[in-house]
2 protein chains.
Amino acid sequence: MRRLKAIISYDGTHFSGYQAQPGKRTVQSEIEKVLTVMHKGEHIRIFASGRTDARVHATGQVIHFDTTLSIPAENYKVALNAQLPADIRILDMEEVSPDFHARFDAKGKRYRYKWNCDEVQSPFKRNYTVETRGRKPDVSKMENGAAYLVGTHDFTSFCAASTPVDDKVRTIYSIDFEWHDQELHMVIEGSGFLYNMVRIIAGTLWEVGIGKREAKSIKDIIEAKNREMAGTTAPPHGLYLEKVYY
Amino acid sequence: MRRLKAIISYDGTHFSGYQAQPGKRTVQSEIEKVLTVMHKGEHIRIFASGRTDARVHATGQVIHFDTTLSIPAENYKVALNAQLPADIRILDMEEVSPDFHARFDAKGKRYRYKWNCDEVQSPFKRNYTVETRGRKPDVSKMENGAAYLVGTHDFTSFCAASTPVDDKVRTIYSIDFEWHDQELHMVIEGSGFLYNMVRIIAGTLWEVGIGKREAKSIKDIIEAKNREMAGTTAPPHGLYLEKVYY
């Protein structure tokens, strides 16, 4: 038995998210389906660094699984890509120690959130950036707001109220903004992220950027430990899981 | 009655091509449906510079139509975009002379054909570039082959055998190749193009680039006036109608 680690990319548009759900097309179930065929019907379970929601994309999600097949990792990648649907690709594959775990060993993650500030959004971007219809935020205000989020905080206000974990303390290492032509990207790195956390941060900082709330209000929102205090959850299709650190 | 000209963009992935066909989702029928609602049920016919096939994209298709509505062109654009599906966008709209015709007045066109030479094709490119699975052609050979095509020729060998036009003489102004990271683009401009002409040129020059045929064979193919002599028709999803000249 060997354990393989894979870096994968997927276009989230036509998936009901990462996690397997009965009767739904998900990233996990599509990969497990192919692996199960490769293992002559034996169900192979894959483990990811974490879930992503419907329409959320990944350019650097990490999974692991155990296999009895002795195919070299590089050939394994080619074989999987030949059978996977084209909206999932294995970018890289390597054999790892049998105690490596994609989720429990993750030390940090990087996400990217994309807004497109073109007045008319290109049809080619409709599933990949959130359109602002020409509205451009004041990025310096967003940076000021983001400064309050960087560091170790209880992020209860910045996760879905239903989040079923007790400890909501996480560390954000950095939040940076980049313009790529008319696209504004927010790049966020941290030790880990709660359910909807990146999207609530994106939605709240956007409101700061367009003057709907003050940058310094972010401090009060964190302290309130109340989801109601933060802004709206930004749409899923602007979000990319870009890298998992081990 | 006023005549409006519009520059439009569409992601061809989910259309059965440009032209209206009963029971199919097409670019023409989606736009006409919205215009007909705006005109309280009166059917408004649109005219394009030419058709595009299923899965072929456009970043600069041109259409015209007549309207009884007195909305200024810029507001017309906004109103149409608000009602059109997100895979079609009106990029620009202006009032033109009542004798302007999107098809008959077109003096030339520019198309772009995209190959992606990454070893593993990003899921985000699957509908927008043709994957070569890491294979890279010799572009200088393609340029040598392209040189035979530039100019005024009978392009019978480079159009679908069923093409229902008598005069197959067209002028190609230029064929250029550009690398954009791992993407190879062929940019072709000409007076007009026959059915499948750009895709047959792309498919044939690709075969020259990978050494399957000689650059100088292009001359013989043109002279043969026989579709069988040219290469395969390259897939539709690599093709973009980029500009129409008037």
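UniProt positions are given in the numbering used here, feature names are shortened, and annotations may be inferred rather than shown by experiment. This is a predicted model, in which local features need pLDDT of at least 70, side-chain atom pairs count only at pLDDT 80 or more, and totals for chains, interfaces and linings use all residues. Residues are numbered from 1 along each chain as its sequence is written, chains are lettered from A and ligands numbered from 1 in the order in which they are written, and side-chain values use heavy atoms, without hydrogens and water.

The unreviewed UniProt entry places a "binding site" annotation on Tyr111(A). Tyr111(A) lies in strand S5 of chain A. Leaving aside residues up to four places away in sequence, Tyr111(A) touches several residues, including Met186(A), Phe193(A) and Glu242(A); contact means heavy atoms within 4.5 Å.

| Element | Residues |
|---|---|
| H1(A) | 27-38 |
| H2(A) | 73-83 |
| S5(A) | 108-116 |
| H4(B) | 197-209 |

H1(A) and H2(A) pack at an angle of about 115°, with axes 10 Å apart; the axes are lines fitted to C-alpha atoms over the stretch in contact, and angles run from 0 to 180 degrees between N-to-C directions. Val34(A) and Leu35(A) of H1(A) are among the contact residues, as are Tyr76(A) and Gln83(A) of H2(A).

In chain B, 13 of the 13 residues of H4(B) are buried. Just after H4(B), Gly211(B) has a positive phi of about 85°.

Methods. Helix = DSSP H or I, 4+ residues; strand = E, 2+ residues; numbered from the N terminus. Expected span 1.5 Å × (residues − 1). Buried < 20%, exposed > 50% of the residue type's maximum accessible area, 1.4 Å probe, protein only.
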